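Here is a short report on how two chains meet and what surrounds a ligand. Look over the sequence and the structure before reading on.

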Amino acid sequence: MIDQPAPYLLKPASVTRVMAQVLLALVPGIAAYVWWFGPAILVQLAIASATALAAEAAMLGLRGKPVGPALADLSALVTAWLLALTLPPIVPWWLTVVAVLFAIVVAKHLYGGLGQNPFNPAMVGFAVVIVSYPALVSQWPGISGPDAFAAQLDAILGHRAGLDALTGATPLDHLKTALKLAEGNGSVAAVLADAGIYGPLGGRGWEWVGLGYLAGGLFLVARRIMTWHVPAAYLGAMAVLAGALWLFDGASFASPLFHLFSGGTLLGAFFIATDPVSGSTTPRGKLLFAAGAATLAYLIRVFGGYPDGVAFGVLLMNLCVPLIDMYTQPPIFGAKAMAELGRKEGR
Amino acid sequence: MGIFSFKGGVKPASHKAESTALPIGEAPLAARYVVPLHQSIGGTPRPCVAVGDAVLRGQRIGEADGWISAAVHAPTSGTVVAIEDAPMPHPSGLPALAVVIEADGCDAWIERQPADPAALGPDGVRAYLQQSGVVGLGGAVFPSHAKLSAGKAGALDELVINGAECEPYITCDDLLMRERAEGIVAGTALFRDLLKPKRVLIGIEDNKPEAIAAMQAAVAKAGEDFAVVAVPTRYPTGGAKELIRVLTGKEVPAAQRSTDQGVQCFNVATAYTAWRAVAFGEPVTSRLVTVTGNVGSARNWDVRIGTPIAEVMALAAPNPDTDGVVMGGPMMGVMLPDTAAPVVKATNCLIAHSPALFPPKPAEMPCIRCGECARACPHQLQPFELYWWSRAKNFGKAQEYALFDCIECGCCNFVCPSHIPLVSYFRFAKSEIWAREKEKAAAEAAKTRFEFKQLRDEREKAEKAERLAKAAARQAEKTAPAATASERPAPAAPGADVTTSATVAAPSPAADGNGDAEAAKKAAIAAALERARAQRASAVPRNTDGLSPARQAEIAAIDARRESATPATAPTPVASAAPAPVPADATTDEEAAKKAAIAAAMARARAQRAAAKPRNTDNLTPAQQAAVAAIDQRRESTGLASPAGATGTAAAPLSTDPHAAPASSPPAADADRTSTP
Ligand code: SF4
Ligand code: SF4
């Protein structure tokens with residue numbers, strides 16, 4: 001006699017399936033990445049994946065948990081990929097390793113493992129290395145074909161001598177620096193006219209990567225892996241804020257379109273702020289959380305000392321999640337009738 | 001008319017086509033029927049036949065006990081061969097009192113007298129339906145007559161007739177509507193005449209076009225103005241509250257009865273049986289049962305109440321790899337431990353279970369807070385929060401997140417990508433909360449009892465001194481009245497509480513009984529049961545505190561779906577079952593047995609009150625009642641095994657715990673802990 005409680009039917013869903021679809025959704029963005037900036041990112045993805053799986057297995061073993069099913073849930077891979085995609089693809093290999101170790105060991109397992117971490121693990125890893133090695137984490141490659149791969153590989157292996165030839169500022173950084181150097185005399189339009197760095201939407205090349213993320217993200221929303229709330233609020237808040245400042249002073253502030261397609265905006269909106277574990281869970285909470293993260297990201301990237309603010313925006317909002325969730329609980333079935341009842345009885 | 005929607009819900013594969021290909025079949029007569037007395041919510045009917053009596057089909061064999069109770073009838077003609085405990089279709093596998101009838105093969109009816117509703121008047125019709133055993137056949141088995149008066153809100157706006165039948169596999173209502181629509185419409189008209197609603201709405205899921213057409217035709221033929229409404233197919237649209245929401249836009253909160261919002265809801269089969277009773281003088285002696293699942297030929301059968309389930313299953317030729325029978329649907333049904341148990345009024349569907357049909361559940365993974373469960377919850381709860389707090393045993397928090405608004409529909413469980421047995425966690429939390437409330441109440445009662453006992457002792461002493469000569473005679477007389485007095489449902493009277501706890505039960509008048517020990521024992525148990533019934537409605541701790549007992553009684557009906565599906569989870573408090581010990585200093589064997597018997601009755605009474613719902617375990621012998629408590633406790637403790645690990649990411653699913661079955665298995669550490677006062 002089997003003794004299982006109802007329900008006897010389960011939807012064929014699993015964490016593995018969810019995570020696998022997230023990984024799949026990253027593929028278009030990664031493809032564009034490789035196309036524009038060379039295959040170095042693939043090396044970084046491999047390094048990050050291997051580190052993440054090893055760290056995950058080790059931590060599970062230390063914590064006395066079964067390793068197999070937890071590794072198979074693919075959550076460590078998702079963290080690894082997101083981290084690799086936020087770091088410059090030409091950082092030395094050990095930096096990727098350090099970032100991933102921080103993400104998996106500290107941000108995930110020391111907080112209790114999958115489902116328990118209050119902070120987005122990938123963003124914790126990123127924050128740690130950008131604070132510790134700001135120089136390394138600001139060296140981004142310029143547009144390059146496959147021929148640059150050898151040099152990129154060299155950089156990853158730690159030979160950073162010929163690096164200058166490889167790197168260029170990211171569009172966001174370039175814009176910020178150019179405007180600063182012009183000391184109020186330059187205009188965004190003049191800076192953006194440099195077609196070597198900028199495309200019609202955002203940074204040249206990067207806008208395609210962003211489009212790839214957008215496509216993947218829409219796929220996830222369509223597959224109901226995530227709801228529309230976080231991406232919509234994230235992109236909406238970013239656009240509104242950027243739009244307001246751009247309308248106010250178009251010479252000093254880039255257009256909303258530029259901000260949407262530059263830096264980590266699209267990756268953040270669809271893949272990072274949407275992390276269910278560390279994000280808000282209620283519908284209204286998600287809107288607040290994402291809008292807050294986008295606002296912070298914009299403020300940091302435009303006025304702050306870091307090239308982009310996606311990571312810090314998300315981490316700061318992670319702190320607020322318990323509060324947000326508490327105040328945004330949706331009304332339960334019949335709540336309206338109960339409220340009416342209370343009003344009547346109160347009278 | 002407009003259709004509303006409710007949030008959440010799921011769309012599991014319906015598997016209804018299997019059992020709708022064939023028309024309703026008449027199940028062959030069985031040789032022997034086992035008719036449980038307790039087949040509806042409320043009081044357990046008292047047997048009104050004796051062993052050896054000849055009975056006819058439709059003859060009353062159990063008298064309704066109280067207003068919330070309905071009579072029980074013989075399913076065929078024959079002889080009463082026993083009135084004894086028999087296995088029940090209940091996951092605990094515990095027996096309950098049943099009338100066993102040896103069929104004589106004639107299948108002769110009683111003299112059937114159609115009733116005239118006009119002559120009977122509304123109250124007469126209600127009483128008539130109660131006598132005819134008409135109860136909610138959607139699975140809730142709430143006595144229908146008790147729902148046939150308008151509520152406080154005055155006249156009803158809507159009468160909703162529920163033909164949604166949302167659970168997968170079940171098609172008995174579908175077939176009933178296809179083949180017997182006119183009877184349903186006539187029954188609906190009967191209800192309409194009693195309730196006088198402004199509108200009558202018949203809701204049917206749109207995956208049953210034949211049923212919708214048949215009902216529309218029947219309504220037109222009868223010249224009624226009932227609206228037959230096709231509602232979108234989505235589980236659990238067939239839940240009364242969900243259907244009311246879909247048809248009227250009204251949301252009835254857990255703490256309210258639907259009549260508070262001017263709506264009343266009946267199942268189509270209930271309307272049909274009410275009409276059979278009134279128009280033909282036929283009490284409820286059979287019902288439609290869908291027999292499906294891992295079988296050769298799935299079909300709906302008209303089955304007499306009391307037919308052994310094994311015989312009904314045999315009609316469908318289960319495949320060889322069948323490893324169990326689920327009663328009810330796959331979302332809320334229960335696995336039956338014993339197919340010798342009979343079909344009862346709540347048996348809407350029997351599903352042959354096989355590992356191929358319902359694969360074993362994958363291992364439980366940690367919650368990733370994906371919120372899928374919250375999106376699926378038809379009551380817009382946050383199941384992952386409930387899970388989190390239940391697992392952490394922070395029950396106050398769980399209640400803050402409206403634990404008691406959960407109807408245990410299983411939607412959250414169905415969608416969870418981490419395969420967390422969420423519903424099991426919620427049942428566990430609810431039972432723990434009930435147990436704790438109970439302990440609190442028991443402590444207060446004990447204090448009152450102590451004071452009362454002192455008073456009584458003094459009075460008795462005085463009496464003895466005064467009337468030394470008559471002392472013996474008086475003592476003997478006193479036993480009986482005392483027991484009877486405590487039988488009155490007066491929870492406020494201190495005397496009535498004397499027997500609510502094992503520790504104080506011993507000195508109670510009944511237990512002291514120096515005359516007929518057996519009689520005293522019975523009286524005490526009867527008193528406890530009576531009181532349990534009376535208090536059931538008032539002792540329920542839920543986030544609906546402060547409701548009138550009447551309203552809480554209604555909530556029992558609201559929980560009805562859950563109830564019929566999961567009676568085993570009537571949470572016998574882990575804590576209260578354990579501390580019902582036979583006092584170590586028991587003087588004689590007889591005394592000890594008596595005390596144990598009372599203790600067992602008390603434990604069960606407590607559980608009943610806590611659950612605010614009846615179990616099929618009324619009328620058990622004391623020993624069996626003790627066994628119920630033990631088994632429930634074991635169920636609870638295995639339920640605990642999983643939440644026990646603080647970070648138990650790898651906790652095995654409750655169900656596959658190999659230690660769950662043996663009676664000797666030690667309670668999980670958690671159960672131990674919670675049972676320590
Ligand atoms: S569906 Fe399961 S994993 Fe997702 S939030 Fe709910 S309980 Fe957690
Ligand atoms: S079982 Fe309870 S919590 Fe889960 S979906 Fe149903 S009502 Fe909501």
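## The salt bridge

In this predicted model, B:Arg369 forms a salt bridge with A:Asp325. Their closest N and O atoms are 3.4 Å apart. That falls inside the 4 Å cut-off for a salt bridge. The count between chain B and chain A is one.

Twelve residue pairs are in polar contact across the interface of chain B and chain A, both partners being at pLDDT 80 or more.

## What chain B brings

Several elements of chain B each supply at least two residues of the side that touches chain A. Five are helices: H5 (240–248), H8 (372–376), H9 (383–391), H11 (411–415) and H12 (422–466). Strand E16 (334–336) is also on the list.

By class, this side of chain B has 33 nonpolar, 17 polar and twelve charged residues.

## Extent of the contact

Chain B gives 62 residues to the contact, and chain A gives 43 residues. The area buried between the two chains is about 4,600 Å². Carbon and sulfur atoms give 61% of that area.

Which three residues supply more of the area that chain B buries against chain A than any other three? They are B:Lys361, B:Ile368 and B:Arg369, with 15%. B:Arg369 is also the salt-bridge partner of A:Asp325.

## Around ligand 1

Ligand 1 has 13 residues around it. B:Cys367, B:Cys370, B:Gly371, B:Cys373 and B:Cys416 come nearest.

The shell has nine nonpolar, two polar and two charged residues. Cys counts as nonpolar in this tally, and Gly as polar.

Notes. Residues are numbered from 1 along each chain as its sequence is written. Chains are lettered from A and ligands numbered from 1 in the order in which they are written. This is a predicted model: local features need pLDDT of at least 70, side-chain atom pairs count only at pLDDT 80 or more; totals for chains, interfaces and linings use all residues. Side-chain values use heavy atoms; hydrogens and water are left out. Contact means heavy atoms within 4.5 Å. Buried area is the accessible area (1.4 Å probe) that two parts lose on being put together, summed over both. A salt bridge is a side-chain nitrogen of Lys or Arg within 4 Å of a carboxyl oxygen of Asp or Glu. A polar contact is a pair of N or O atoms within 3.5 Å; within protein, one must be able to donate a hydrogen and the other to accept it, and residues adjacent in sequence count only if both atoms are side-chain atoms. Helices (H or I, at least four residues) and strands (E, at least two) are DSSP runs, numbered from the N terminus. A residue is near a molecule or strand if one of its heavy atoms lies within 4 Å of it.
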